[in-house]
Amino acid sequence: MSSTASAATGPLTDEDLVQLLTPAGERVAHPEYDAWAADLDADRLRAMYRDMVLTRRFDLEATSLQRQGELGLWAQSLGQEGAAVGSGHALAPQDHVFPSYREHGVAFVRGLEMTDLLRLFRGVDHGGWDPAAHNFHLFTLVIGSHTLHATGYAMGVQRDGLVGTGDPARDTAVVAYFGDGATAQGDVNEALVFASVNQAPVVLFCQNNQFAISEPTTRQARVPLANRAPGFGIPSVRVDGNDVLATYAVTRQALDRARSGGGPTFVEAFTYRMGAHTTSDDPTRYRTAEQEEHWRRRDPIDRLRTYLERTDELPEVFQAQLAAEADAFGEHVRTTVRGMGRPAPSTMFDHVYATPHAVVDAERAWFTQYEQSFVDDGRETAGGHR
Amino acid sequence: MTVTTDRATARTDVPPAPEPAPFPTGTQRLPLAKAVNLGLRRALRNDERVLLMGEDIGRLGGVFRVTDGLFAEFGEDRVVDTPLAESGIVGTAIGLALRGYRPVCEIQFDGFVFPAFDQITTQLAKMHYRSQGRLRLPVVIRIPYGGGIGAIEHHSESPEALFAHTPGLRVVSPSTAADGFTMIQQAIASPDPVIFLEPKGRYWEKGDVDLDAPLPAPHGAPADLDHARVVRPGTDVTVVAYGPTVATALKAAEAAAAEGTSLEVIDLRTISPIDTATVAASVARTGRCVVVHEAPVLYGTGAEVAARVTEECFFHLQAPVLRVGGFHTPYPVSKVEHEYLPGLDRLLDAVDRALAF
C-alpha cells in the first residue's frame, strides 16, 4: 500500500499488507487471496457497502446520543468498518464471535438488534443480548480476557468433533477480536499459547487501529504485531483493514483453515480509529490533524463506493434507498434508546448466582422492605420504572 | 463425545486405557486427598462433559497426587495437562464452560492463583450476572491452600476472603475426607462457579467415607453445599472453624473438656454463602463465640462471622466475638510458621478470654 506512512518502520509499517482494493478504489490482483474473494459479486459488494454505511450511521447516532447525555459512554468504530464488515461477511452461521467492545460492524453483519448494544453503554444492562441468538458473545471490557474464552470455546468445538468433518455446514470456527493494545496483555499471549498447543480452531483477529486510548502501537511493540504469532507456532497475515475485500478474503482463508483442522491463525487488520478511544478522551492531544487527514483519504466506505461507481455497480436508486434506510435506522436508534426504561433497582440482585445464595436473598429481602417503607410513608419509592 | 482426530497434538505414545476398575463401594477409611480423587473420578465417570485441567495433573497425577490415576482412566482430553499459565487455564475453562463442558481447574498452590485472579473475579464470577442468567459457568477451581507443611513462600497461603468478597463465586472448603468426596461432586454439579479450597495440610488425614453416598442432583441446586455443620456439640463457647482449623478446634475441645469447659465446634464448610443461621443458633445457646482460621485476621472471614453474630445474637452474647488467625504479615518462613498459624494454645487462650468476660 503506497502511502505517506510507508516510510514507517516497526509496528506501523504498511508495506506488507494484503490489499485487493487501493485507496483510490482500484481493484488490484493478488496471487493468493484473489481466490478467496472470487465469490464477491456485485450484489455481495453492495451488501458490504450497505453494512458499512449503516454501521457508520449507527456509530454516529450513538456518539450523538452520548453527547446528549443519553449514553454514559460510547466506543466509536468510525473508520474501522472495513475490517469489521469484511471479516463479518467471511463468517459462517455456525461460527462464534468473541468481540471486543468496538465490533459494532460485526454485530451488524451477524444480525443483532443494534440498539441492544447500547443498553450496556446506557447503563441499563451489562450485556443486552443473547449470545446464543447470533453466536455473538458479550462485550468484555477487560482488555484481551476474552481471547482466552474464545480459545477455550474453540477447544470445546474441537472436542465436539466439529472440526475437519468436511461438511461446510458443520465445521465450526471461533473468532476473537481485540485491539493492538491487547497484544501487550498476558492473556492474549496465553491465548496464543493455548491456541497453538491445542491447534484450536480459532482466528485471533487483531484490529490494529494504532492506538490504545492515547498510546500508539509503538508503545506496545517494536515489530509488526502479526510477526509475533509465528513465534507461537501460529501463522499470521497482515491485511489492509480499510480494504473490505482484502479483509474478507484473508479472514475467509483463516476461518477455512480453522474449520478444516488446520489450527489457529493470527490476522492483523491494519486500520485507524478515526474517532476517540471512547467519548471520554480527546484525540487532539495525542495525534495530528495531518495524520487524521492521511487516513481520511483511506476511508473504507469511500474506497468501496469509488470502486462500485467506477464499475457502474452503484445505481443512484440503490444509493437513495440506502440513504433513506440509514435515516430510518438512525431514527429507530434514537427512539429506542430514549425509550429504554430504568430497570427496577431490585433487579440488581437477579442472576448473581444460578442457584439461591442465602446472603443475596437476605439482602434482596431487606432492600425490598426498605424500598417499601418509603411507599408506606406516602413518599415516592426510590425505585421503580421511569 | 467425539474427539477429533485432526489435532496436531494427538499423542501416539499413550497406551490404550485399560478397562476401568469397578468404582469402590461401601464405607472406607481414606485420606482426604484420596477422597477428593474418588469424587473427581466419579464425576468424570458420570458426566462426559466433566474435564480436569491444570499443570502436572495428568501423568504426574498432580503435585499432591489428587488426580492420580485419572489420566490413565480418562485420557488426555479429559485430564488435561495444560501450559504453565494460570490465567490461561481459567480463561480457557470459561470458554469450555460456555461450550457446555464442566471444567475442573487445579491451581497447583494457593499463592499461584493470583495470575488467574482477573479471570476468576472479573470474568468467571460475573458472566452469569452480565448475561442476565443466559450464560452459566459451571467451573470449579480447586486450590490446595493453607500452611503447616514446611513449604517455601507462595505455597501456604489462605486467600479465601479475596474470593468470598467477590459476588458470583461460591467458596467452600472441606475439612474431612467424607466432605472432600461429596463436596467436590457437589461443586462440579453446581451451575455456579465454585472456588474449592482443599486444606493441603490435612490431605493425609483419614476419615470414613461413604462411597455409596447419593449423588448430587445433576446440575441442580447444590443445597448441601450451603450449610455449616455442628461437628461437636457443646454448651460454653461456640468455636467456628473451617478447612484446616476444624481439626485444631476439635483438639481444643478435647483439651477444654478435660478442664471442664464445653466447646461447640462448627465446621463452616462454606464461606460463601456463609451459613449465619447455624452459627447464630449455636451462639444463642452458648453466649460466646471464637472464630479460627489460618488466613490473616484483618478483613478476614472471622470478621464477617463476628459481625453477623453480633447482629444476630447481641442480647445472647456474654463476651465479644473473638478471632484467632494469621497475622497481618505475608505468610512467614516455614521455620516460624507454627507460631503464625493458630494452634491449640492460641485457640484455648481465646476461649479463656471469652469466658473471662
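Analyst: In this predicted model, A:Arg44, A:Leu45, A:Met48 and A:Met52 of helix 1 of chain A are in contact with A:Val244, A:Leu245 and A:Tyr248 of helix 8 of chain A. Sorted by class, the residues of this contact between helix 1 and helix 8 of chain A are six nonpolar and one charged, with no polar residue among them. Helix 1 of chain A covers residues 42–67 and helix 8 of chain A covers residues 244–259, and their axes come within 11 Å and cross at roughly 105°. Because a crossing angle from 65 to 115 degrees counts as roughly perpendicular, helix 1 and helix 8 of chain A are described as roughly perpendicular to each other.

Over all chains, the structure holds 47 salt bridges.

Turning to the partner chain, 49 residues of chain A are in contact with 55 residues of chain B, and the two chains bury about 4200 Å² between them, 57% of it on carbon and sulfur atoms. Two salt bridges are counted between chain A and chain B; in one such pairing, the side chains of B:Asp77 and A:Arg159 meet at 3.9 Å, N to O. Polar contacts across the interface of chain A and chain B amount to 24 residue pairs, with both residues at pLDDT 80 or more. On the side of chain A that touches chain B, at least two residues each come from strand 1 (96–98), helix 6 (145–159), helix 7 (186–198) and helix 12 (358–376) of chain A, and helix 6 of chain A gives the largest share, eleven residues. By class, that side of chain A has 22 nonpolar, 20 polar and seven charged residues.

Two details of the backbone in chain B also deserve a careful look. Most residues other than glycine have a negative phi, and most peptide bonds are trans. B:Arg65, in the loop between strand 2 (50–54) and helix 2 (70–74) of chain B, has a positive phi, near 65°, although this residue is not glycine. The peptide bond from B:Ser272 to B:Pro273 is cis, with omega near 0°, and B:Pro273 lies in the loop that runs between strand 12 (270–272) and helix 9 (276–286) of chain B.

Key
Residues are numbered from 1 along each chain as its sequence is written. Chains are lettered from A and ligands numbered from 1 in the order in which they are written. This is a predicted model: local features need pLDDT of at least 70, side-chain atom pairs count only at pLDDT 80 or more; totals for chains, interfaces and linings use all residues. Side-chain values use heavy atoms; hydrogens and water are left out. Axes are lines fitted to C-alpha atoms, for helices over the stretch in contact, and angles run from 0 to 180 degrees between N-to-C directions. Helices (H or I, at least four residues) and strands (E, at least two) are DSSP runs, numbered from the N terminus. Angles under 35 degrees count as roughly parallel, over 145 as roughly antiparallel, 65 to 115 as roughly perpendicular and the rest as oblique. Contact means heavy atoms within 4.5 Å. Ala, Val, Leu, Ile, Met, Phe, Trp, Tyr, Cys and Pro count as nonpolar, Asp, Glu, Lys and Arg as charged, and the others, Gly among them, as polar. Buried area is the accessible area (1.4 Å probe) that two parts lose on being put together, summed over both. A salt bridge is a side-chain nitrogen of Lys or Arg within 4 Å of a carboxyl oxygen of Asp or Glu. A polar contact is a pair of N or O atoms within 3.5 Å; within protein, one must be able to donate a hydrogen and the other to accept it, and residues adjacent in sequence count only if both atoms are side-chain atoms.
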